[in-house]
Amino acid sequence: MIPAIYDRRSIRKFSSRPIDERDLLELMDSAAKAPSSKNSQPWKYVIVTGNSKNEMLDAYRSGLAREGSRDDCPPQWKQYLAAAAHTGDIMEQAPVTVLAVNPLGRGMDAPQTLEERVLEICSIQSISASIQNLLLAATDKGIGSLWICDIYFAYPELSAWLGEEGQLVAAVALGYPEESPAPRPRKPLEEILRWRR
């Protein structure tokens, strides 16, 4: 049993206590140790703090406002947007937000050949493994984390603000937790596992 796997929780309440830069570098070094397709290591991370975090949140909230003002916005989309607005509040409270970028990616709307699509899928899998390493390393250091995909509601705005080549993949909020959530329910192994012998 690996304690960090069993102890990790998605944290949504953070203290204002800053994270030491040395600890952040160790977390990012752990992220960089993840396996990747053909050892391509298709990840780039941008650590966002201070005034830059406020700028990032302005871009994020601008994207949410754009999405909310769409005439063709379905009712369930409005519900998701409300949850995404809460995610913005969480990122504002967390001392650090890390943005994960796939420098090999072509962006959400770019046309792709079959080969490019396969490469992007492999890159996303690799980046996901890297993010999981980051989350587990944070747990091991007593730092809380939240893996965030709500960035896709504000993808054009965040991508423009970021100004990085490639595809924005996810965000991770980091900070010292001010909550201790109970474990979330998990599907039993017999429901998710099949043996082929």
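## Helix packing and surface

Helix α3 (residues 50–68) and helix α4 (residues 75–93) have axes that come within 10 Å and cross at roughly 170 degrees, the axes being lines fitted to C-alpha atoms, for helices over the stretch in contact, with angles running from 0 to 180 degrees between N-to-C directions. That angle makes α3 roughly antiparallel to α4, because angles over 145 degrees count as roughly antiparallel, under 35 as roughly parallel, 65 to 115 as roughly perpendicular and the rest as oblique.

The model is predicted, with local features needing pLDDT of at least 70 and side-chain atom pairs counting only at pLDDT 80 or more, while totals for chains, interfaces and linings use all residues. Residues are numbered from 1 along each chain as its sequence is written, and side-chain values use heavy atoms, with hydrogens and water left out. Helices are DSSP runs (H or I, at least four residues), numbered from the N terminus.

| Pair | Axis angle | Axis distance |
|---|---|---|
| α3 and α4 | roughly 170 degrees | within 10 Å |
| α3 and α6 (residues 155–162) | about 155 degrees | 7 Å |
| α2 (residues 21–32) and α5 (residues 114–140) | roughly 140 degrees | within 7 Å |

The angle between α2 and α5 makes α2 oblique to α5, and the contact between them includes Leu27 and Met28 of α2 together with Ser130 and Asn133 of α5. Where α3 packs against α6, the residues that meet include Ser52 and Glu55 in α3 and Pro156 and Trp161 in α6.

A salt bridge (a side-chain nitrogen of Lys or Arg within 4 Å of a carboxyl oxygen of Asp or Glu) joins aspartate 89 to arginine 61, with the closest N and O atoms 3.2 Å apart. This pair links distant parts of the chain, since aspartate 89 lies in helix α4 and arginine 61 in helix α3, 28 residues apart. By this rule the count comes to ten salt bridges.

Tyrosine 6 lies in helix α1 (residues 3–7).

Key: Helix = DSSP H or I, 4+ residues; strand = E, 2+ residues; numbered from the N terminus. Contact = heavy atoms within 4.5 Å.
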